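Please keep the sequence and the coordinates in view while reading.

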2 protein chains.
Amino acid sequence: MSAPYKRVALIGLGLIASSMFWAMKRSGMDCHVTGYARSEKTRNTARKLGLCDTVFDSAEEAVKDADLIVLAVPVGAMGPVMQTIAPHIKPGATVSEVGSVKRTVIDVITPHLPEGVHFVPTHPMAGTEHSGPDSGFASLFDNRWCLIVPDDDCDEDVIVRVETYWQALGANTERMDAEHHDMVCAVVSHIPHLIAYTMVGVADDLQRVSDNEVIKFSAAGFRDFTRIAASDPVMWRDVFLTNKDATIEILGRFTEELFALQRAIRTGDGEQLHAYFTHTRAIRRGILEAGQDTDAPDFGRAKVDR
Amino acid sequence: MSAPYKRVALIGLGLIASSMFWAMKRSGMDCHVTGYARSEKTRNTARKLGLCDTVFDSAEEAVKDADLIVLAVPVGAMGPVMQTIAPHIKPGATVSEVGSVKRTVIDVITPHLPEGVHFVPTHPMAGTEHSGPDSGFASLFDNRWCLIVPDDDCDEDVIVRVETYWQALGANTERMDAEHHDMVCAVVSHIPHLIAYTMVGVADDLQRVSDNEVIKFSAAGFRDFTRIAASDPVMWRDVFLTNKDATIEILGRFTEELFALQRAIRTGDGEQLHAYFTHTRAIRRGILEAGQDTDAPDFGRAKVDR
Ligand SMILES: NC(=O)c1ccc[n+]([C@@H]2O[C@H](COP(=O)([O-])OP(=O)(O)OC[C@H]3O[C@@H](n4cnc5c(N)ncnc54)[C@H](OP(=O)(O)O)[C@@H]3O)[C@@H](O)[C@H]2O)c1
Ligand SMILES: NC(=O)c1ccc[n+]([C@@H]2O[C@H](COP(=O)([O-])OP(=O)(O)OC[C@H]3O[C@@H](n4cnc5c(N)ncnc54)[C@H](OP(=O)(O)O)[C@@H]3O)[C@@H](O)[C@H]2O)c1
């Protein structure tokens, strides 16, 4: 296909950036991809894997001449990275980023944006519990949503170009404002991760049930929590530090509901429990109908096919 | 194979009983299986599926002459069902049940046990979010644990026979006492389910994020919760009503930890969050090493192969 960008720079070479690279190659888009990661180890792994057409030893070199620059580093690193590369970005280029939080990231990147450089924040809503340069695969974004969170005064054709790019990577796109994005993600992603981390922590910490037992009998529900809670600690630390308000709000609602159910258990109110448990089934049906999961025995997990 | 029991009666024909039937057939054990379910609808579905060699219209007929009787009904129905069948059980037979809670179930069944009838409670630690006679499959128990929870004065050879039976169905067996069982299951299964139900309820209830958005963007972590929370409401109501003490204890620990993490988020304590999130990864590794999940892209979900 004709490429929306002739030269793309990926800053950070982890799960998201490496999946973007393999998806770009799969799409056949005619485009040179440069890459940079903080550590020499990651850069060498990338070179070994053939991840990026050119891997540079500095972010400044990697972004030189790029038409699209994608920051794919943890949310807390976005500001410093942007500050470093800013003087080296060519006029007319588009800066984008894939952070899991938007308001804070926009606030730390915007002050460094050079005159004449566009900025289109994005968030591909897809991931696995794995991280690093060897964890990516071309189909990660297939049929998933990539949220596009542009500023009000961003040029329409600049936004459309970013959308076209993500669609070529397999994703569906949808625009959203930053505050709403952060609230939606708190509900569908951030709080579920926090809860999973907490439950795994409790299980690990408990004197009355051994770790060995927890591991042996995990198939009974707990296993899904451990998978979510195996996600990268740096990424998730940054998410919670930067999406504080929405996180605290949803946590408040969550504990309120949990206390109500706890009370129903304590008082033996079977009707309330039954009504609550029945109600939640409708959402599952909606997810199956929307094609965001499958009911087949492999539960629709992404297949590696790079 | 030579069958540990010549005649097995399955009372209740849902996910667990139907999986037991298909696993028995797969094992090639030479044994006649009778079945009974409460509703005519389920009995007719079972007949259509070829589930059980004979489906009876009463539990009394189904248990007549059986060497092993397995109660596979919701925990809250165990007592009444046992009371109904008790006079029809032949001397020397073994009664078993597969309920997810043990102390309460043992307490409601024991008073009805006829003289000379053995009782071996079990709990196969395997399941899906589906229920009903058409949800079972032969490999459900493969490489999963079946907990055996016999009384102190139960004959050793009676227990061993039950263990042999479950091993023929694909499971590994382990003995445990009832109180410890209920605590382990609260941690690895009951509380994870309660939390998943709660989170799905919160998402559904929230005015600021639409159901449509929750469904669309569920792939970001929430989806696993909706799957767990799609489990049968009657089964789970009964679990929480009958495993009250362990549930309340673990819930207390859970909210304690959650509040500590919430505080770290509020005060911006990145070190604490990072340390917590790092710690939980070890459990995931243990589960992979124990073969209770796989890291392959289909995440080790059970395959249907009946
Ligand atoms: N994983 C998901 O599920 C998911 C989904 C959607 C969006 N996101 C977002 O995508 C971004 C990247 O996530 P990921 O999963 O791809 O992470 P990852 O696999 O952990 O990779 C992170 C990359 O960023 C680099 N990096 C880390 N800290 C840096 C710093 N201070 N300066 C420069 N480079 C740094 C790392 O380099 P080294 O390897 O050299 O340390 C690595 O190449 C994050 O903002 C995350 O919130 C993640
Ligand atoms: N699902 C799991 O993940 C799992 C795992 C391990 C253990 N268990 C335990 O296994 C048992 C069965 O669970 P399941 O998942 O197989 O349930 P299920 O698929 O919902 O089937 C339950 C069966 O019990 C019958 N039944 C319900 N109430 C009854 C009553 N009052 N009297 C007589 N029969 C009644 C139902 O008959 P109708 O269809 O006619 O209503 C149905 O055949 C439960 O005790 C559960 O705690 C479940």
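In chain B, a polar side-chain atom of Ser100(B) is placed 2.6 Å from an oxygen atom of ligand 2, a polar contact being a pair of N or O atoms within 3.5 Å (within protein, one must be able to donate a hydrogen and the other to accept it, and residues adjacent in sequence count only if both atoms are side-chain atoms). On its own, ligand 2 has 900 Å² of accessible area, of which the protein covers 85%; such areas come from the Shrake-Rupley method with a 1.4 Å probe, and for residues only the protein chains shown count as cover.

The model is predicted: local features need pLDDT of at least 70 and side-chain atom pairs count only at pLDDT 80 or more, whereas totals for chains, interfaces and linings use all residues. Residues are numbered from 1 along each chain as its sequence is written, chains are lettered from A and ligands numbered from 1 in the order in which they are written, and side-chain values use heavy atoms, with hydrogens and water left out.

Two further side chains approach ligand 2 through N or O atoms: that of Arg38(B) lies 2.7 Å from a ligand oxygen atom, and that of Thr42(B) lies 2.6 Å from one. There are 28 residues around ligand 2, and Arg38(B), Ser39(B), Thr42(B), Val73(B) and Ser100(B) come nearest; a residue is counted as near if one of its heavy atoms lies within 4 Å. By class, this shell holds 15 nonpolar, eleven polar and two charged residues. Here Ala, Val, Leu, Ile, Met, Phe, Trp, Tyr, Cys and Pro count as nonpolar, Asp, Glu, Lys and Arg as charged, and the others, Gly among them, as polar. At least two shell residues come from each of α1, α4 (78-85) and β6 of chain B, where helices (H or I, at least four residues) and strands (E, at least two) are DSSP runs numbered from the N terminus.

The strands of chain B form an open, mixed sheet of eight, in the order β3-β2-β1-β4-β5-β6-β7-β8; two strands pair if DSSP finds at least two bridges between them. At its edges stand β3 (54-55) and β8 (172-175) of chain B, each pairing on one side only. Strand β7 (residues 145-148) of chain B runs parallel to β8(B) and is joined to it by four bridges, with Trp145(B) opposite Asn172(B). Helix α1 (residues 15-27) of chain B lies across β1 (7-11), β2 (32-36), β4 (68-71) and β6 (118-124) of that chain, at about 155 degrees to β1(B). Contact means heavy atoms within 4.5 Å; axes are lines fitted to C-alpha atoms, for helices over the stretch in contact, and angles run from 0 to 180 degrees between N-to-C directions.

Turning to chain A, ligand 1 has 27 residues around it, with Arg38(A), Ser39(A), Thr42(A), Val73(A) and Ser100(A) coming nearest. The shell around ligand 1 comprises 15 nonpolar, eleven polar and one charged residues.

Chain A also has an open sheet of eight strands with mixed pairing, ordered β3-β2-β1-β4-β5-β6-β7-β8. Because β3 (54-55) and β8 (172-175) of chain A each have a single partner strand, one side of each is left without a neighbour in the sheet. Five bridges pair β1 (residues 7-11) and β2 (residues 32-36) of chain A in the parallel sense, and Leu10(A) stands opposite Gly35(A) in β2(A).
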